[in-house]
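This report is for a reader meeting the structure for the first time.

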Amino acid sequence: MNLTRALMKTRLLLVTLLGLGLAAHTQNLLPNPGFEAGSTQPSGWRLVDGPGQWATATSPGPGRVVRVRGEGEDQSVWRTESLPLQPGGVYALRFRARRLSEASGGTAVAGTSRINRDFPLDFQWREYGFIFRQPDDASSDFVRLGQWHVRGEIEFDDAELLPALASHREFAEPAGSPPLQLGQNEHLTHDLYRFSLQLGGLAANLHRPLERSTASFNSDRWVFSPGAQVVYRFALPGFRQTSAQVRVAINHHVAGTLRVEASRDGHQWTSLGALGATDRAGNLILPAELLPATECYLRLHTPDPDTALQVNHCDYEAQIDPPAPYEAAGQTDFLEVNRGDPALVVNAFQLDSRRGQGEIRLSLRAANTSSAPSQAASPCRAPPCAPPRPPPGPSGSNPARKPTCACR
Ligand SMILES: [Ca+2]
């Protein structure tokens, strides 16, 4: 298979990282991920909010699964105990799931207590997943798999939570300036830079300009509670932003005001405007005193004690000087280490596919966190490339996950 053609615009690579003479350990952060262990309930998981079942899979399958049952206007979830997730950490959550034959309406829900994504599911076992960035004020959290407003039953198996890394495309020009990075949904065209927020993709709330956040997230929108904030940093080394504007929209409003602010340093904030019950969207212009600048900060903030609103739109646009000598579309790649030497921690990586047809070069930077010296004899192995999604099995079957999954 031609690896270059197999990789999509957003590339995801799964690798095993081995130290010399050391066995590889699983990096899955979830307990009992296949739900096979336990006596009266699956070890490491418990049912909350509503009904469900630890069950044996129907039809040929690899053993036990967890089910949740809904009456159409309720929710029920299986959850782990608290996991030591890193504030601001990037994670990939993956699982297989299906609806049982009588189930209708509603959706499966999956994520942490702060980051959720809905998955409508169908009647065949399929693999689902997404990548997300934990809020910066969440020092620990749990993972949940469940249903919301389903009438009937759905079931889950083979859950996986892996730390992930993001890498953004680098551009060396203009000469003499630090490398310019552009990620997914960032574009540079002549004298214009654009960032168009897309929250419904594989990477959910993670984008290169995201600096920090304490808002929660649901499927394709930021969820603001009292005191929450989301800060973006639009850094364009080598280019001065001479004018800039942002369009922000509230998609759901119950109470409170969304304050939109800008800054040159991320500390001193200047108000651009406020959105709320009557003004749910607006084009806001950065004032002249903040420009020109090579980087601008944007803050969405809900300081009011009575706040409940959601934001699904945030587009930033800046005139730049000098004009870019090229047109550039950003790209973000993701890497997960599924097994490896626990002492070797990958800090950064880069995928380079511009070396010719059919060749992808993966460069890793890893640190040895143990006191013992370590030599990586074969530090990185990319398993064979797999199709974007395994072909669905016959209805009612529970085919085992493919043994390795390289990129999708
Ligand atoms: Ca199982």
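## Terms and numbering

Helices (H or I, at least four residues) and strands (E, at least two) are DSSP runs, numbered from the N terminus. Residue numbers start from 1 along each chain, following the sequence as written. The model is predicted, and local features need pLDDT of at least 70, side-chain atom pairs count only at pLDDT 80 or more, and totals for chains, interfaces and linings use all residues.

## Overall make-up

The protein has 29 strands and 1 helix. A residue is called buried if 20 or more other C-beta atoms lie within 10 Å of its own, exposed if 12 or fewer, and partly exposed in between, with C-beta atoms placed from the backbone. Of the 408 residues, 36% count as buried.

Two residues are in contact if their C-beta atoms, placed from the backbone, lie within 7 Å. Among contacts with a separation of 6 or more, 74% are between residues 24 or more positions apart.

## An open sheet

Strands of a sheet pair through backbone hydrogen bonds, either parallel or antiparallel. Here two strands count as paired if DSSP finds at least two bridges between them. An open sheet is formed by 5 strands with antiparallel pairing, in the order E16-E19-E24-E21-E22. Strand E16 (210-213) and strand E22 (270-275) are at the edges with a single partner strand each, so one side of each has no neighbour in the sheet. The twist from one strand to the next averages 15 degrees, where axes are lines fitted to C-alpha atoms, for helices over the stretch in contact, and angles run from 0 to 180 degrees between N-to-C directions.

E16 and strand E19 (residues 228-235) run antiparallel and are joined by 3 bridges. Leu210 has Tyr232 in E19 as its bridge partner.

## Cis peptide bonds

The peptide bond from Asp321 to Pro322 is cis, with omega near 0 degrees. Pro322 lies in the loop between strand E25 (308-321) and strand E26 (327-329).

The bond from Leu291 to Pro292 is also cis, again with omega near 0 degrees. Pro292 belongs to the loop between strand E23 (281-285) and strand E24 (295-302).

## Positive phi at two histidines

His149 is not a glycine, yet its phi is positive, at about 65 degrees. The loop between strand E11 (143-148) and strand E12 (151-171) holds His149. His149 counts as partly exposed because it has 14 C-beta neighbours inside 10 Å.

His190, also not a glycine, has a positive phi of about 55 degrees. His190 sits in the loop between strand E14 (186-189) and strand E15 (192-196). With 12 other C-beta atoms within 10 Å, His190 is exposed.
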